[in-house]
Amino acid sequence: MLTKFRGATLMPEATLSSCSAYCAAPRREDIPPGEVLCKYCGAKCCCYFALPIDKPKDWQDFDYVRWYLLHERAAVFTEEGCWYLLVQNRCKHLGDDNLCGIYETRPQICRDYTTENCEYSDDWVYDHLLETPEQVEEYAEALLGPREGGSRRGPRPQSPIPNP
Ligand code: SF4
Ligand code: SF4
């Protein structure tokens, strides 16, 4: 699961090449003693941020959530009843070598985040994950019933083969 307010203590020694490198990362317990965990992680914690949002209660609230998800790389997830806006985007100061480019002046949130309880081994499991406006509409409809004035979900895709 994601940490709500996260940052990174990305160590200067970290050398892996991409945010997706953690997919093949060794297990935390298999890291040799004395090694820095970040060296084996694709800077996972520097590649997104997540912020708490109000739990949507009516169609107006869900319309805001739908608006979030009209933006690229945005998603919304829930964890233990709380709602979060997730934006998957690399920090602009994360170098191609996955080193922090502003290590000496990195924000406090990055300084506070330590490898001890970090998300290195987390499985990215959510209670709910909404990634598209259509999913929001569907979720809201299931919760609130049909929207007044009709659904704003797009029409079902038509078959490319014309009827004879
Ligand atoms: S998720 Fe943990 S191991 Fe990976 S870069 Fe962040 S602090 Fe280091
Ligand atoms: S400032 Fe540095 S440690 Fe913080 S998110 Fe950006 S690259 Fe990571």
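What share of the 164 residues in the protein is buried? Buried residues make up 20%, where buried takes 20 or more other C-beta atoms within 10 Å of a residue's own, exposed takes 12 or fewer, partly exposed falls in between, and C-beta atoms are placed from the backbone.

A quick word on the ground rules. This is a predicted model, in which local features need pLDDT of at least 70, side-chain atom pairs count only at pLDDT 80 or more, and totals for chains, interfaces and linings use all residues. Residues are numbered from 1 along each chain as its sequence is written, while chains are lettered from A and ligands numbered from 1 in the order in which they are written.

Now for the layout. The protein has three helices and four strands, and along the sequence they follow the pattern β-α-β-β-α-β-α. Helices (H or I, at least four residues) and strands (E, at least two) are DSSP runs, numbered from the N terminus. Among contacts with a separation of 6 or more, 70% join residues 24 or more positions apart; a contact is a pair with C-beta atoms, placed from the backbone, within 7 Å.

Let's look at one helix pair. The axes of H1 (residues 59-68) and H3 (residues 133-144) come within 9 Å and cross at roughly 165°. Axes are lines fitted to C-alpha atoms, for helices over the stretch in contact, and angles run from 0 to 180 degrees between N-to-C directions. H1 and H3 are therefore roughly antiparallel to each other, the label for angles over 145 degrees. On the H1 side, Trp-59, Phe-62, Val-65 and Arg-66 make the contact, and on the H3 side Pro-133, Val-136, Glu-137, Ala-140 and Leu-144 do.

Helix H3 also holds Gln-135. With 18 other C-beta atoms within 10 Å, Gln-135 is partly exposed. Gln-135 and Leu-69 are 66 residues apart in sequence, yet 9.5 Å apart in space, C-alpha to C-alpha.

Ala-43 sits in the segment before strand E1 (48-53). Asn-98 is in the loop between strand E3 (82-88) and helix H2 (108-112).

How values were computed
Angles under 35 degrees count as roughly parallel, over 145 as roughly antiparallel, 65 to 115 as roughly perpendicular and the rest as oblique. Two residues are in contact if their C-beta atoms, placed from the backbone, lie within 7 Å.
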